[in-house]
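Hi there,

Here is the structure I promised to pass on to you. Have a look at it first, and then read my notes below.

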There are 2 protein chains.
Amino acid sequence: MSRLDSVIRRLQAQRACIDWAVAEVEGRPGCVLELGLGNGRTYDHLRERMPGRDIYVFDRQIKAHPACIPPDDRLFLGDIGETLPSAAGRLGRSTILVHSDLGTGDEARNRALAAGLAVMLAPMLLPGAVVMCDQEMPLQPGWARLPEPKGVPPDRYYLYRTG
Amino acid sequence: MSRLDSVIRRLQAQRACIDWAVAEVEGRPGCVLELGLGNGRTYDHLRERMPGRDIYVFDRQIKAHPACIPPDDRLFLGDIGETLPSAAGRLGRSTILVHSDLGTGDEARNRALAAGLAVMLAPMLLPGAVVMCDQEMPLQPGWARLPEPKGVPPDRYYLYRTG
């Protein structure tokens, strides 16, 4: 498989998982967290698929296309280890969907990050919330890992639902 | 359409056009020119689909993934206005397929570049050669514009065949 094939598969899997998660939480109130804005493509997809939701975005810095930058009051800039607890204080337990795509090429760092994220996210999530993460997360109390939607290769996204 | 949808469509169209062009020139001898290496994805796709072909690559500088960097003797680094004529001197009329993806956000610059490319490429192309370009090119003597392959949106690639 060429790198062109590979990126197409990766982006299709990303879209399939997001679309699946959006359908899973449809009709349940709650806000959305986008961890990692990057170029802004998935943020754009989330806001297009869920026009009525408040979407809060976290990243170290803005590198996104100008059309994909969230409003200031939905944006948390800085280290996720500081911004996520700060958001928890402001938002409380009000999140129904999380999309996290913060992984780097450093596997040890990715594991530590995913473990920290799970602990920080747990008190923010409503019952029945869905978490999609590009890294495997340690299960928190009441969480269940879900299988990938049909057609999505395994271990591309890790999907969880709170109890 | 979200930017995630849009990039998936763009990459699928790119792959469809390349695969179509590869099939068009199958069985005809000649080398391949990749104008614009970028991240190396399309180069990787070209070499995977045409393992027996010599593929010459042109770019200002190397920004590709390390696994997608061509061998030194297939690489022309510098301004395309200098490297392409230099390659013409070395390769003569021996090219059967060109993939060009050099466009920027500057429309006037893109038009001038595409016009220059067409003139520089013309003496390098074998009869029946195929040119795929992300910009519209002025037709050279004997060239015909070809329709996009099925399923590819119009004006995403411009396709030409020499007489």
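This is a predicted model: local features need pLDDT of at least 70, side-chain atom pairs count only at pLDDT 80 or more; totals for chains, interfaces and linings use all residues.

Let's start with a pair of helices. Helix H2 of chain A, residues 41-49, packs against H1(B) at an angle of about 120°, and their axes are 7 Å apart.

Which residues of H2(A) and H1(B) meet? From H2(A) come Arg41(A), Thr42(A), Asp44(A) and His45(A), and from H1(B) come Arg3(B), Leu4(B) and Val7(B). By type, the residues of this contact between H2(A) and H1(B) are 2 nonpolar, 2 polar and 3 charged.

Now to the contact between the chains as a whole. Chain B gives 17 residues to it and chain A gives 17 residues. On the side of chain B that touches chain A, helix H1 (3-24) and helix H2 (41-49) of chain B each supply at least two residues. H1(B) has the largest share of that side, with 8 residues. The residues on this side of chain B divide into 5 nonpolar, 7 polar and 5 charged.

Finally, how are the two chains related? Chain B superposes on chain A by a rotation of 180° with 0.0 Å of shift along the axis, at an RMSD of 0.0 Å. That is the relation of a two-fold axis. In chain B, Ile8(B) has the C-alpha nearest the axis, 3.1 Å from it. Both copies use the same surface, as 100% of the contact residues of chain B recur in chain A.

Enjoy exploring!

Definitions and conventions: Residues are numbered from 1 along each chain as its sequence is written. Chains are lettered from A and ligands numbered from 1 in the order in which they are written. Two residues are in contact if their C-beta atoms, placed from the backbone, lie within 7 Å. Helices (H or I, at least four residues) and strands (E, at least two) are DSSP runs, numbered from the N terminus. Ala, Val, Leu, Ile, Met, Phe, Trp, Tyr, Cys and Pro count as nonpolar, Asp, Glu, Lys and Arg as charged, and the others, Gly among them, as polar. Copies are superposed by least squares on the C-alpha atoms of residues with pLDDT of at least 70 in both. Axes are lines fitted to C-alpha atoms, for helices over the stretch in contact, and angles run from 0 to 180 degrees between N-to-C directions.
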